[in-house]
Amino acid sequence: MRRLHDKVNIVPIIAKADSLTAEECLSFKKQILNEIGSNKIGIYQFPDLGVDDEDFKDVSMTDRIPFAVVGSNTVVEVGGKKLRARVYPWGVAEVENSEHCDFIALRNMLIRTHMQDLKEVTNDVHYENFRCKRLATVTVGSPTVTSNKSLGLSPLEQLEAEKHERENKITKTESEMEQVFETKVKEKRKKLKEMEAEFAKKHEQSRRQLELQQRELDDKRQRFEKEKEMFQQNHNSVVDGHNTNSQTKTIDGHGKLDKKKKKGLF
């Protein structure tokens, strides 16, 4: 609101006013007005138009600020009439009832009684103030140009000085961005080199470990082959000895048989 109050008409409102009691609503309005005044925020000042309307005869427009409004997208039947309202267990909050909220007053103010005044204030006050400020920055000195040499220059020279300063700022910004980009690229390359060195180191360790395992397997295979050869030799020796004993026993058996046969014949 501080940034907008000198550019547009500000009309403060309180939404969902049906969630407040009458005393709470009045207290909340006073609190909002106090904060607006303490922060020096300019709101729309209602002129005395001398309007004789039933909606305004009890309470003036200034006393209604900020407007406490109630909204509803449903139509209900109250007392044989269809109205926009919000139904609660304790009663009905009518949107178009001045005793329940300020919706009627706000609507009439915007589209009936104060529309032309709002336009005139926007055009004659806010726009003129904005135009004067812009012209002052061009003729007296732009707030972006801080050099004392720029004071007293013609509007064209002033614009040229501002253009030159903007170009210098753009050039400086581009240079800073390039430096930042180069720094990031160097850091990225350094990180990649470190990762490559670490990967090469791990690869070399894995290769050495595999070679060591291969040598161990070769040694085990050689020992196994030697043990197998020795076992085969021992086995062959045992088999040869067994065969020799078997042949000897067979020969001895045949000799005894011949003797028995001879004895039987005689």
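Glu211 is partly exposed, with a relative accessible area of 35%; partly exposed covers the range between buried (under 20% relative accessible area) and exposed (over 50%), using a 1.4 Å probe and protein chains only. This is a predicted model, where local features need pLDDT of at least 70 and side-chain atom pairs count only at pLDDT 80 or more, while totals for chains, interfaces and linings use all residues. Residues are numbered from 1 along each chain as its sequence is written, and side-chain values use heavy atoms, with hydrogens and water left out.

Back to Glu211, which has a partner. Arg207 forms a salt bridge with Glu211, and their closest N and O atoms are 2.5 Å apart. A salt bridge here is a side-chain nitrogen of Lys or Arg within 4 Å of a carboxyl oxygen of Asp or Glu. Arg207 is partly exposed too, at 33% relative accessible area. Because Arg207 and Glu211 are four residues apart in helix H5 (residues 155–265), about one helical turn separates them. Helices like this one (H or I, at least four residues) and strands (E, at least two) are DSSP runs, numbered from the N terminus.

Now look at helix H4 (residues 115–139), where Glu128 and Arg131 sit three residues apart, about one turn of the helix. Their side chains meet in a salt bridge, 2.9 Å from N to O. Glu128 is partly exposed at 26% relative accessible area, and Arg131 is partly exposed at 36%.

What about a pair that links distant parts of the chain? Lys29 forms a salt bridge with Asp102, with the closest N and O atoms 2.9 Å apart. Lys29 is in helix H1 (residues 22–38), while Asp102 is in the loop between strand S5 (91–94) and helix H3 (103–113), so to speak a link across 73 residues. Lys29 is buried, with a relative accessible area of 10%, and Asp102 is buried as well, at 7%.

Asp102 has another neighbor to meet. The side chain of Arg64 makes a polar contact with the side chain of Asp102, at 2.8 Å. A polar contact is a pair of N or O atoms within 3.5 Å; within protein, one must be able to donate a hydrogen and the other to accept it, and residues adjacent in sequence count only if both atoms are side-chain atoms. Arg64 lies in helix H2 (residues 61–64) and is buried, at 7% relative accessibility. Across the whole structure, a search finds twelve salt bridges.

Next come the nonpolar side chains. The largest nonpolar core has 23 residues, and those with the most contacts inside it are Phe46, Met61, Phe67 and Met109. Such a core is a set of buried Ala, Val, Leu, Ile, Met, Phe, Trp, Tyr and Cys residues joined through side-chain atoms within 4.5 Å. H1, strand S2 (67–68), H3 and H4 are the elements that give two or more residues to this core.

To finish, step back to the whole chain. Its secondary structure comes to five helices and five strands, and along the sequence the pattern reads β-α-α-β-β-β-β-α-α-α. Of the 266 residues in the chain, 18% are buried.
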